[in-house]
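I opened this entry to keep track of what I looked up, chain by chain and then residue by residue.

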2 protein chains.
Amino acid sequence: MATPAVYVAEDSDFSIYNLPYGVFETTSLDKRLGVAIGDYVLDLREAAHQGFLSSLDSQYFQQSDFNDIMQLDRKAWKLLRSDIQDVVYGKTSEWLKSNRGVLSKLFIPMHQVSMHLPAKIGDYTDFYSSKEHATNVGTIFRGPDNALNPNWVHLPVGYHGRSSSIVVSGQDIRRPCGQLKGNQDPYYGPSQALDFELEMAFFVGQGNSLFESIPVKAARDYIFGLVLMNDWSARDIQRWEYVPLGPFGAKNFATSISPWIVPLEALEPFQVPAPVQEPKVLDYLEQGSDRNTFDIHLSVSLQSTRMQKPQVICQSNFRYLYWTMEQQIAHHTVTGCNLRPGDLLASGTISGPDATSFGSMLELSWGGTKPLQLTETQEQRVYLQDGDQVTMHGYCQKENIRIGFGQCQGKILPAKPLAA
Amino acid sequence: MATPAVYVAEDSDFSIYNLPYGVFETTSLDKRLGVAIGDYVLDLREAAHQGFLSSLDSQYFQQSDFNDIMQLDRKAWKLLRSDIQDVVYGKTSEWLKSNRGVLSKLFIPMHQVSMHLPAKIGDYTDFYSSKEHATNVGTIFRGPDNALNPNWVHLPVGYHGRSSSIVVSGQDIRRPCGQLKGNQDPYYGPSQALDFELEMAFFVGQGNSLFESIPVKAARDYIFGLVLMNDWSARDIQRWEYVPLGPFGAKNFATSISPWIVPLEALEPFQVPAPVQEPKVLDYLEQGSDRNTFDIHLSVSLQSTRMQKPQVICQSNFRYLYWTMEQQIAHHTVTGCNLRPGDLLASGTISGPDATSFGSMLELSWGGTKPLQLTETQEQRVYLQDGDQVTMHGYCQKENIRIGFGQCQGKILPAKPLAA
């Protein structure tokens with residue numbers, strides 16, 4: 001394989017095997033589509049302008065989000081990826097090396113860009129697909145005998161989330177106020193139980209028509225690519241409000257995602273078998289013997305205002321999830337519900353089998369009974385404090401092939417109560 | 001008051017006092033903004049082209065939805081309404097009467113138009129604001145001692161709904177399939193408990209910024225206008241799936257709304273005091289002494305394939321709702337959640353105090369124990385059958401002033417199970 005057009009460090013998240021999609025701007029370039037490579041961003045509008053992306057009409061690269069490209073099919077996405085590979089490390093990249101003027105217009109140093117949401121997100125759905133997470137939460141709230149609800153092993157439980165408040169990594173998060181309830185009357189105030197949830201989410205590519213379902217075996221073709229997600233949650237608001245219609249204000253104030261969508265194509269080498277399902281699922285959820293998921297290492301780190309360095313507080317893996325993305329799609333659409341290009345479907349908190357792999361403060365502190373120790377400063381945490389910064393990472397590694405998701409980061413700002 | 005430019009029947013829903021907004025097309029005109037008047041639709045693009053809508057730039061009327069106009073404020077909406085009043089029954093209408101060529105370009109017979117969703121709906125939220133409905137459902141599912149959950153009287157319970165499957169009145173509704181559970185193992189099949197829910201919904205006008213709340217006393221200015229809504233619900237899917245995260249597939253397959261948005265200005269003469277709230281609500285929900293709602297008569301009728309005429313099966317009223325729209329907005333945003341122009345916030349099923357005012361089959365048939373009698377054909381109904389057509393109406397009346405919402409109608413198509 002040829003040397004890429006720009007330098008790519010061996011441990012870069014954005015290797016030549018990755019080529020994730022994002023929307024960026026700079027002080028001189030307006031919002032546009034790009035691809036991350038090493039410490040650079042390939043400007044797709046400029047690449048199209050130079051005639052390097054011939055598989056798609058240049059109109060697609062005049063957009064400021066990926067919705068139109070998502071609306072295409074996997075064949076078109078592969079052709080586009082092939083064009084991009086050519087620019088980054090193929091014949092075109094060789095030509096670029098002796099045409100530095102063009103090269104420097106195409107590849108923009110990453111520190112010069114600011115990132116935006118990669119798509120207009122129509123609907124956002126959040127699943128609850130980690131058996132360990134659902135069991136932990138059930139045990140904390142209802143005790144071990146009754147931890148998992150009866151429906152949980154039969155269908156991927158999910159709910160509709162709030163799409164307006166999805167923000168891109170780097171945006172600070174304001175601590176929410178809301179209605180809380182202790183042992184006395186309900187009262188208004190800032191949440192005292194602000195939590196993160198380690199999740200991943202995928203963007204829907206082509207959608208389906210209303211009243212048509214997507215069969216589970218065709219579902220993979222509807223997945224455009226994946227991002228990291230932090231589903232910020234106010235546990236005290238949630239506890240009081242959620243019966244009987246589910247979480248609302250506890251989660252509608254912000255959800256962060258990483259800015260770079262890793263295409264499904266890049267993840268294919270990292271397929272692993274999904275967890276065995278017992279009891280057997282109904283036919284409409286049955287994927288057969290090649291029921292795969294992806295081996296994506298995930299971590300969460302926390303840094304308080306007093307700490308010099310972040311501390312890793314959770315290490316988990318996407319492969320732990322009991323329900324696959326294909327099953328989520330099949331269940332979501334079995335009623336005839338239509339998915340649209342740019343819709344976001346999230347995994348729910350991804351917890352693993354042991355206590356270091358739990359994907360939320362609720363679980364890590366076991367409902368507040370085991371405060372987390374921040375070793376550098378000897379601070380303790382049950383939930384997040386103002387100024388705490390939460391950073392999620394994700395990557396796949398196999399021999400010397402590495403692809404990463406960059407980061408999903410957010411810092412807690414103090415609450416801003418309503419004026420009296 | 002002058003005679004309007006076109007004939008308006010005395011009992012028309014679309015009187016000169018109404019002037020609701022909708023998006024229409026005809027075989028010769030592409031999708032555009034309009035206003036209903038009598039049996040006609042005023043073409044706002046043409047009216048702007050003629051120079052009659054000078055309060056707004058003509059660019060607004062080149063759009064095919066109301067989102068840009070919603071984004072303005074009440075002052076701008078009032079000026080636009082004033083321009084439209086002038087075309088319909090003011091000085092301009094007088095001029096039009098002697099310029100029939102222009103008049104016939106402006107006013108299109110309603111039978112020639114087909115209607116579309118009036119806005120791009122970003123997020124759709126459904127509340128649960130009828131105390132009678134929540135009490136009925138609680139009693140049917142859990143018995144009378146425990147009917148209302150403890151949080152219900154303290155906050156307007158709500159959940160995020162699915163916006164992709166919101167359709168406009170007239171669209172047939174496919175019976176959903178999904179995962180069902182009787183006394184045995186769960187199974188896949190068409191819902192046997194398909195229901196309607198009589199609701200109203202309002203479109204958000206200008207939105208709020210993320211992390212800023214809307215105070216309850218300022219909330220009315222964020223309401224653009226109201227429509228009728230049928231929140232189709234599959235009770236058997238719902239019963240099995242909804243713990244602990246709320247309804248999902250039971251409601252994500254379709255939600256119908258009436259096509260004409262009645263502006264808040266038109267409803268102002270029909271204000272009535274909202275129900276007294278006891279216990280007292282928290283300050284962020286407290287509206288003070290002028291806590292008003294609107295007196296909107298609502299009805300649901302059902303027509304089976306064998307019936308010649310629809311039968312009215314429910315008569316209710318918007319004023320029964322315990323929580324006001326302003327309280328819904330304040331609670332929705334108290335966490336800092338941002339509303340966007342074109343977001344849709346629905347009331348939840350509107351049931352009244354007596355059995356003829358219950359807004360769903362679940363309540364009308366009291367959980368299936370009291371089948372509904374269709375008198376014309378001697379048929380019975382517990383839930384909806386294939387071919388049943390459900391039509392909702394709503395109107396306000398005061399002396400000889402009448403404004404109506406038109407209708408929200410949908411017919412049930414047979415299920416379409418997944419290919420084996």
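Helices, as I use the word here, are DSSP runs of H or I at least four residues long, numbered from the N terminus. By that reading T92(B) lies in helix α4 of chain B, residues 91–97. The model is a predicted one.

**Entry 1: T92(B)**

I stayed with T92(B) and looked up its accessibility. Its relative accessible area is 13%, and buried means under 20%, so T92(B) counts as buried. Not counting residues up to four places away in sequence, I found that T92(B) touches F52(B), D86(B) and V87(B).

**Entry 2: chain A as a whole**

I then turned to chain A and noted 10 helices and 26 strands. What radius of gyration would a compact globule of 420 residues have, and what does chain A have? The globule would be near 22 Å and chain A has 22 Å, so the two agree. I took the spans of the C-alpha trace along the principal axes of chain A as about 70 × 55 × 45 Å.

Of the 420 residues of chain A, 63% count as buried. I also looked up the contacts in chain A with a separation of 6 or more: residues 24 or more positions apart account for 73% of them. Chain A exposes about 15,600 Å², and carbon and sulfur atoms supply 48% of that area. For the charges I noted 35 positive and 45 negative in chain A, with mean positions 2 Å apart.

**Entry 3: chain B against chain A**

The size of an interface is often given as the accessible area lost when the parts come together. For chain B and chain A I have about 5,800 Å² buried between them, with 62% from carbon and sulfur atoms. Which residues of chain B lose the most area to chain A? They are F211(B), L245(B) and F248(B), together 14% of what that side buries. By contact, 64 residues of chain B meet 64 residues of chain A.

**Entry 4: backbone exceptions**

Most residues other than glycine have a negative phi, and most peptide bonds are trans. I listed some places that depart from this.

- The peptide bond from V243(A) to P244(A) is cis, with omega near 5 degrees. P244(A) sits in the loop of chain A between α7 (235–241) and β16 (255–257).
- E278(A) and P279(A) are also joined by a cis peptide bond, and omega is about 10 degrees. I placed P279(A) in the loop between β18 (271–273) and β19 (292–294) of chain A.
- F211(A) is not a glycine, yet its phi is positive, near 75 degrees. F211(A) belongs to the loop between β13 (198–204) and β14 (223–230) of chain A. With a relative accessible area of 11%, F211(A) is buried.
- W366(B), another residue other than glycine, has a positive phi near 45 degrees. I found W366(B) in the loop between α10 and β23 (372–374) of chain B. Its relative accessibility is 27%, so W366(B) counts as partly exposed.

**Entry 5: G359(B)**

I placed G359(B) in the loop of chain B between β22 (344–346) and α10 (361–364). Is G359(B) buried or exposed? At 0% relative accessibility, G359(B) counts as buried.

Leaving aside neighbours within four places in sequence, I listed the contacts of G359(B) as F196(B), E197(B), L198(B), C314(B), T349(B), I350(B) and S351(B). For T349(B) I also took the C-alpha to C-alpha distance to G359(B): 5.8 Å, at 10 residues apart in sequence.

**Entry 6: two serines**

S15(B) lies in the segment before β1 (21–25) of chain B. I looked up its relative accessible area, which is 8%, so S15(B) is buried. Which residues are in contact with S15(B), once its neighbours within four places in sequence are left aside? I have V8(B), I37(B), R402(B) and I403(B).

S104(A) is in helix α5 of chain A, residues 100–106. At 48% relative accessibility, S104(A) counts as partly exposed. I also noted that S104(A) and L42(A) are 62 residues apart in sequence, with their C-alpha atoms 9.7 Å apart in space.

Methods:
Residues are numbered from 1 along each chain as its sequence is written. Chains are lettered from A and ligands numbered from 1 in the order in which they are written. This is a predicted model: local features need pLDDT of at least 70, side-chain atom pairs count only at pLDDT 80 or more; totals for chains, interfaces and linings use all residues. Side-chain values use heavy atoms; hydrogens and water are left out. The radius of gyration is taken over C-alpha atoms; the globule rule is 2.2 Å times the number of residues to the power 0.38. Buried means under 20% relative accessible area, exposed over 50%, partly exposed in between (1.4 Å probe, protein chains only). Contact means heavy atoms within 4.5 Å. Accessible areas come from the Shrake-Rupley method with a 1.4 Å probe; for residues, only the protein chains shown count as cover. Lys and Arg count as positive and Asp and Glu as negative; His and the chain ends are not counted. The place of a charge is taken as NZ of Lys, CZ of Arg, CG of Asp or CD of Glu. Buried area is the accessible area (1.4 Å probe) that two parts lose on being put together, summed over both.
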